[in-house]
Amino acid sequence: MIKVLQYSFYDLIRSRWSYVYFLFYLVLGFALLFLNNSISKAVITLMNVIVVLTPMIGTIFGIMYYYSSREFTELLLAQPLRRRTIFLGQYLGVALSLTLSLVFGLGLPFAFYGLGQSAEMGNFALLLLSGAFLTFIFVALAFIIGLRNDNRIKGFSYAILIWLLLAVIYDGIFLISLIIFEDYPLDKFTLIATMFNPIDLSRILILLKLDISALLGYTGAIFQKFFGTQTGLFTSLGVLIVWTLVPVYFIVRLARKKDF
Amino acid sequence: MQRYLGLLGLLLLNLPLWGQIRVCADCEIKTIREAVALAQPHDTIFVQTGVYQENTIIINKPLVLLGQGQPVIDGNHNGNLIEIKADSVEIAAFTIRNVGVSYTKDLAAILLTKADHFYIHDNRLEKVFFGILVEKSHHGRIVNNVVSSEAEEEFTSGNGIHLWSCRDVLIKGNELFGLRDGIYLEFVEQSTIIDNHSHDNIRYGLHFMFSNHDNYYDNTFERNGAGVAVMFSKFINMKRNRFYKNWGTASFGLLLKEIYDAEIENNVFEENTIAINIEGSTRVNYFHNDLIRNGWAVKVAGGCYANIFENNNFIDNSFDVSYNTKMNDNRFLGNYWSSYTGYDLNRDGIGDVPYRPVKLFSYIVGRTPETIILLRSLFIDILNFSEKVSPVFTPDNLVDEAPKMKITHD
């Protein structure tokens with residue numbers, strides 16, 4: 001598996017898109033810091049970008065890589081290798097290279113602007129962590145779509161659709177259901193509904209760290225009690241891990257059964 | 001001439017003057033109560049360093065009580081400490097502590113009843129229930145006192161400086177913390193509150209009820225349940241005050257309820273959950289205020305007419321203005337809005353595109369508070385954008401026609 005991972009990883013590291021992605025974050029990081037002059041404000045702006053962009057790049061890049069490396073995959077399948085090894089290796093290769101682009105692309109400008117001394121260190125780390133999680137989750141989802149659809153056009157549309165669904169449509173439905181059922185106690189529902197969407201979950205995780213907790217607490221103590229504490233933080237991270245592991249499990253299962 | 005005057009002064013100081021009484025542990029008079037009983041009207045009582053375990057000291061004639069070396073009056077949590085029932089009483093430089101807590105009586109460190117021309121200054125009041133409680137007394141001054149307590153619940157705590165039915169009182173340079181309300185004014189007319197620092201109180205930093213024609217300038221309100229609550233009052237001037245970090249689930253910087261004809265100018269509101277909460281206020285002018293990094297900068301709850309917001313800076317607030325109705329009778333003009341995205345082609349410093357400070361999302365949150373969980377979501381940004389293009393839910397005449405391009409400092 002490590003060998004396959006290495007191949008995929010080096011293949012991607014050499015590819016133009018990784019550099020573009022890396023440079024994009026680098027420029028974004030410097031631009032934000034240059035324009036804002038304060039790390040804490042830059043972190044808030046960055047959150048908006050990360051929560052929307054990393055899932056999108058993850059899905060599109062994942063599905064692109066899956067389809068373009070199809071011949072390589074077929075070649076590997078002819079070798080005495082386990083299917084799990086091949087697909088997990090490829091998956092980790094893509095996810096890791098994207099995560100590295102993200103971490104270095106944003107980490108460098110922030111380190112350059114003296115993040116180490118800033119109080120925002122923890123928030124920034126959490127931001128990168130949730131960015132990494134989102135990348136891993138959405139690349140896995142893209143791989144599942146790829147494994148299920150041999151038709152590229154279909155695969156791409158599904159990938160974009162799933163991003164759209166989780167990033168925009170889910171919130172829309174969430175909002176409408178909150179408004180329709182406003183006469184009922186909604187605290188628990190809201191809490192659970194956020195758990196079912198990794199984008200929402202990471203957004204709220206970061207928001208709470210950025211001291212907007214009092215705004216949220218306005219609706220009722222339950223948010224504050226849950227997300228404001230260590231338990232809430234660890235539960236959220238735990239849910240994100242589950243969000244990563246379940247799609248990976250599906251990749252393995254699909255890969256085992258698939259005909260090539 | 002001056003030399004002779006100085007000499008005369010020295011002479012006067014050294015003489016064991018008539019009209020002076022000394023109180024200390026080894027003096028002839030050992031308690032303050034004794035001294036008060038012996039004193040003639042307009043005498044001065046000097047209280048030397050020491051701890052005086054006394055309560056219910058009743059002052060019923062014009063007197064001056066001066067502490068020397070910060071003497072301590074310890075009430076042992078029992079009753080009022082000093083009760084003033086005469087005009088022209090001055091109390092200065094004492095430490096007064098341990099006032100009794102009662103659920104039926106408003107016990108205070110210093111209680112003034114129908115005592116005009118009072119002057120209370122440079123005292124430290126510690127562990128009080130009520131600090132300085134003034135009833136039906138006019139033309140007084142409360143200056144440079146430090147009042148503190150360890151309030152935990154609203155119903156087991158009192159107010160730092162509490163005025164009831166007073167006129168022409170100056171409250172200046174006091175520090176108030178750990179109380180229920182820092183300063184509480186009820187039926188107080190023509191009074192001025194300047195340079196006070198009211199912080200970490202569990203309810204309000206400053207609280208007005210039914211008080212008209214008052215001014216408060218240059219005060220700082222920090223980390224209170226709510227900074228200042230002004231209720232059912234008319235003609236209040238609020239200028240150059242600072243409201244910091246009144247941050248919590250139901251915290252306000254400034255809470256206005258049933259206010260008419262007030263002037264709110266040059267104040268700074270920073271990091272409050274709700275900087276200004278307005279309910280039923282009419283003809284209030286907001287000029288040159290800075291609202292920075294608040295949750296809600298201005299939250300309008302309804303029944304607010306003919307208010308004017310001009311030349312304010314709205315910087316990095318989660319919500320600039322929030323309305324819960326489609327009606328608007330208030331005017332926003334020439335403010336700076338950090339979330340303004342328009343342009344200025346003729347470079348006159350005023351944006352060419354009008355700014356709509358009310359976002360659709362703030363309207364939704366006003367209706368269903370739980371939806372705040374979707375703050376900063378992409379879907380919400382799309383919603384806000386579409387509402388901005390064609391307003392349906394937000395008041396369509398609520399527009400800043402001349403938004404500033406740059407922050408104005410004045």
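A:Lys258 counts as buried, at 11% relative accessibility; buried means under 20% relative accessible area, exposed over 50% and partly exposed in between, with a 1.4 Å probe and protein chains only. This is a predicted model, in which local features need pLDDT of at least 70 and side-chain atom pairs count only at pLDDT 80 or more, whereas totals for chains, interfaces and linings use all residues. Residues are numbered from 1 along each chain as its sequence is written, chains are lettered from A and ligands numbered from 1 in the order in which they are written, and side-chain values use heavy atoms, with hydrogens and water left out.

A:Lys258 forms a salt bridge with A:Asp150, their closest N and O atoms being 3.0 Å apart; the term denotes a side-chain nitrogen of Lys or Arg within 4 Å of a carboxyl oxygen of Asp or Glu. The pair links distant parts of the chain, 108 residues apart: A:Lys258 is in the segment after helix H12 (230-257) of chain A, and A:Asp150 is in the loop between helix H6 (121-148) and H7 of chain A. Helices (H or I, at least four residues) and strands (E, at least two) are DSSP runs numbered from the N terminus. A:Asp150 is partly exposed, at 47% relative accessibility. Both residues belong to a network of salt bridges that also links A:Arg70 and A:Glu74.

## Salt bridges elsewhere

Over all chains, the count comes to 18 salt bridges. One of them is formed by the side chains of B:Arg367 and A:Glu182 (3.2 Å, N to O). B:Arg367 lies in helix H3 of chain B and A:Glu182 in the loop between H7 and helix H8 (187-195) of chain A, so the pair joins two chains. Both partners are partly exposed, B:Arg367 at 46% relative accessibility and A:Glu182 at 29%.

Within chain B, the side chains of B:Arg240 and B:Asp218 meet in a salt bridge (3.0 Å, N to O). B:Arg240 is in the loop between strands E25 (237-239) and E26 (242-244), and B:Asp218 is in the loop between strands E22 (215-217) and E23 (220-222), 22 residues apart.

Chain B contains four helices and 38 strands, and its C-alpha trace spans about 85 × 55 × 30 Å along the principal axes. Of its 410 residues, 55% count as buried.

Helices H3 (residues 360-367) and H4 (residues 378-389) of chain B pack at an angle of about 115 degrees, with their axes 8 Å apart. Axes are lines fitted to C-alpha atoms, for helices over the stretch in contact, and angles run from 0 to 180 degrees between N-to-C directions. H3(B) is therefore roughly perpendicular to H4(B), a term for angles of 65 to 115 degrees. The contact (heavy atoms within 4.5 Å) involves B:Leu360, B:Phe361 and B:Ile364 of H3(B) and B:Ile380, B:Leu383, B:Asn384 and B:Glu387 of H4(B).

## Local features of chain B

B:Val358 lies in the loop between strand E38 (336-337) and H3 of chain B and is buried, with a relative accessible area of 8%. Leaving aside neighbours within four places in sequence, B:Val358 is in contact with B:Val321, B:Tyr323, B:Thr394, B:Pro395 and B:Leu398.

Most residues other than glycine have a negative phi. B:Lys114, which is not a glycine, has a positive phi of about 45 degrees; B:Lys114 is exposed, with a relative accessible area of 58%. Phi of B:Asp316 is also positive, near 50 degrees, and B:Asp316 is partly exposed at 31% relative accessible area.

Conventions. Parallel < 35°, antiparallel > 145°, perpendicular 65-115°, else oblique.
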